[in-house]
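Have the sequence and the 3D view open while you read.

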Amino acid sequence: MRIANAEVIVTSPGRNFVTLEITTDDGVVGYGDGTLNGRELAVVSYLRDHVVPLLIGRDPHKIEDTWQYLYRGAYWRRGPVTMAAIAAVDVALWDIKAQVAGLPLYQLLGGASRTGARAYGHASGADLPELFDSIRARLDEGFRCIRVQSGVPGLGMVYGVTSTDVRRDQESNGRHPVPVEEVWDTPAYLRHLPSVFEAVRNEFGPELPLLHDAHHRLTPIQAAQLGKALEPYDLFWLEDVTPAENQEALRLVRQHTTTPLAIGEVFNAVVDYQTLIREQLIDYVRSAVTHAGGVTAMRKLFDYAAQYQIKSGIHGPTDISPVGMAAGLHLDLAIHNFGIQEFMPHSPDTYDVFPHAYTFSDGYLHPGETPGLGVTVDKKAAAQFEYQPAYLPVNRLRDGAMHDW
Ligand code: EZ4
Ligand code: CO
């Protein structure tokens, strides 16, 4: 069997997605997600100009060899663009292999270790009444674990806080041709957030698993303060407290708090986690299949993390396409050290473009039993949604200095 064709599909049903479609000479079609929010066309060029020509004629079954060929063969290693492109190829090849085997992908990864992947949903509000409504809405939809994000008095738009009528398929700011600028004040956030969790615990009781994302905004000592302040509210995890490319910084955080820590959605290689895992400085690894080199690389990451009792918490925002979501779900079902899966449902338009077998019910996701990934692309539907430039917001401190968003 040989790879006969590889096509990059760009579609924008509410937000931009980059999908690689690989077709074999006997007509098997596999899909991989290479979406990199805000920098989509860089991956498109990387794939079209530099990867597709290398794929034609290769044996699609040689997944590990193709992964190493693209990783080592580029000479210039890692980085989000390269690793998203490699992920797109890797996932499409796993999709093909599992279809040829006539099995859902999770069976090739060792079979099901659980009946479903426990998911967490996003709740947010500018103030407490709005936040409580949002938590109730997620509970009504079936979520059993909730990420809580809150507005901060005196600040405008804050990461992760959407208005009540816009709950699906977008981050706080939607699409903009240039980045929206937000204003951030860390001391104001640190003063306010513990009171939010106190109120949520008082309203919803001690049992509901609650998560929070600090989105890389704190220094190590601020992170330590926040972790300590939130201990009474028993978080499932506190995410991305610092920009963790300085892995050693987490030693300081860890010395001061027992709040569980999750990191890694912007990482793209196992080595980004080396110190964090070896020194057990975190509890959950957060990479998405789409951004960290595909199923092949993620499996190695999870197996490494497992040696240190660190669990998975795969990134699942709406900027991962249903193809990338499905790849994560097959891993979630198969690996032993599964922790939790982030899940933001996509828009109806997105689901029209990406018919999928995965399901969500009563708090759990399941990848379905369709051979392969269980996601396809309706190319007619995809063609109706033309690419539109879109940026994530940027963040400035009150004095105008650029900060992490
Ligand atoms: O802001 O994927 O935990 N989830 C997140 C995400 C990220 C987006 C950025 O594109 O932090 O919602
Ligand atoms: Co996050």
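## Before we start

Keep in mind that you are looking at a predicted model. So everything below describes a prediction, with local features kept at pLDDT of at least 70.

## The cobalt site

Which residues hold the cobalt ion (ligand 2)? The protein donors are Asp 213, through OD, plus Glu 239 and Glu 265, each through OE. They lie 1.9 to 2.1 Å from the ion. If you follow the chain, the donors of this cobalt ion show the spacing D-x25-E-x25-E.

What about the geometry? Ideal angles for six octahedral donors are 90 or 180 degrees. Here, the six donor atoms around the cobalt ion (ligand 2) subtend angles of 24 to 177°, so the arrangement is irregular.

## Two domains side by side

The protein is divided into domain 1, covering 3–104, and domain 2, covering 108–369. Taken over C-alpha atoms, their centres are 26 Å apart.

How many residues take part in the contact between them? On the domain 1 side there are 34, and they touch 36 residues of domain 2. Between them the two domains bury about 2500 Å², and 59% of that is on carbon and sulfur atoms. In domain 1, the residues that lose the most area to domain 2 are Arg 15, Asp 33 and Pro 104, which together make up 24% of what that side buries. The count of salt bridges between the two domains is three.

## Salt bridges across the chain

A search of the whole structure turns up 19 salt bridges. One of them pairs the side chains of Arg 78 and Asp 272, at 2.6 Å from N to O. Arg 78 is in the loop between α2 (63–73) and α3 (80–101), and Asp 272 is in the loop between β9 (261–263) and α9 (274–278), so this pair ties together parts that are 194 residues apart in sequence. Arg 78 is partly exposed, with a relative accessible area of 33%, whereas Asp 272 is buried at 13%.

Next, find Glu 181 and Arg 396, whose side chains meet in a salt bridge at 2.6 Å, N to O. Here both partners sit in strands: Glu 181 in β6 (residues 181–184) and Arg 396 in β15 (residues 394–397), 215 residues apart. Glu 181 counts as partly exposed at 46% relative accessibility, and Arg 396 counts as partly exposed at 26%.

Then there is the salt bridge between Arg 398 and Asp 185, with 2.9 Å from N to O. Arg 398 lies in the loop between β15 and β16 (402–403), and Asp 185 lies in the loop between β6 and α6 (186–204), so the pair ties together parts that are 213 residues apart in sequence. Arg 398 is exposed, with a relative accessible area of 51%, but Asp 185 counts as buried at 15%.

## Two residues to look up

Where is Asn 37? Look in the loop between β3 (29–33) and α1 (40–55). Asn 37 is buried because its relative accessible area is 19%, and the cut-off for buried is under 20%. Leaving aside its neighbours within four places in sequence, Asn 37 is in contact with Arg 15, Asp 319 and Leu 392.

Asp 303, on the other hand, is found in helix α10 (residues 294–306). With 35% relative accessibility, Asp 303 counts as partly exposed. Asp 303 and Asn 337 are 34 residues apart in sequence, and their C-alpha atoms are 8.1 Å apart in space.

Terms used
Residues numbered from 1 in each chain as written. Chains lettered and ligands numbered in written order. Predicted model: local features only at pLDDT ≥ 70, side-chain atom pairs only at ≥ 80, totals over all residues. Heavy atoms only, no water. Donors = N, O, S within 2.8 Å, 3.2 Å for Na, K, Ca; no water. Tetrahedral: all angles 85-135°; square planar, octahedral: opposite > 155°, others 65-115°. Domains from an automatic or database assignment. Contact = heavy atoms within 4.5 Å. Buried area = accessible area lost by both parts, 1.4 Å probe. Salt bridge = Lys/Arg side-chain N within 4 Å of Asp/Glu carboxyl O. Helix = DSSP H or I, 4+ residues; strand = E, 2+ residues; numbered from the N terminus. Buried < 20%, exposed > 50% of the residue type's maximum accessible area, 1.4 Å probe, protein only.
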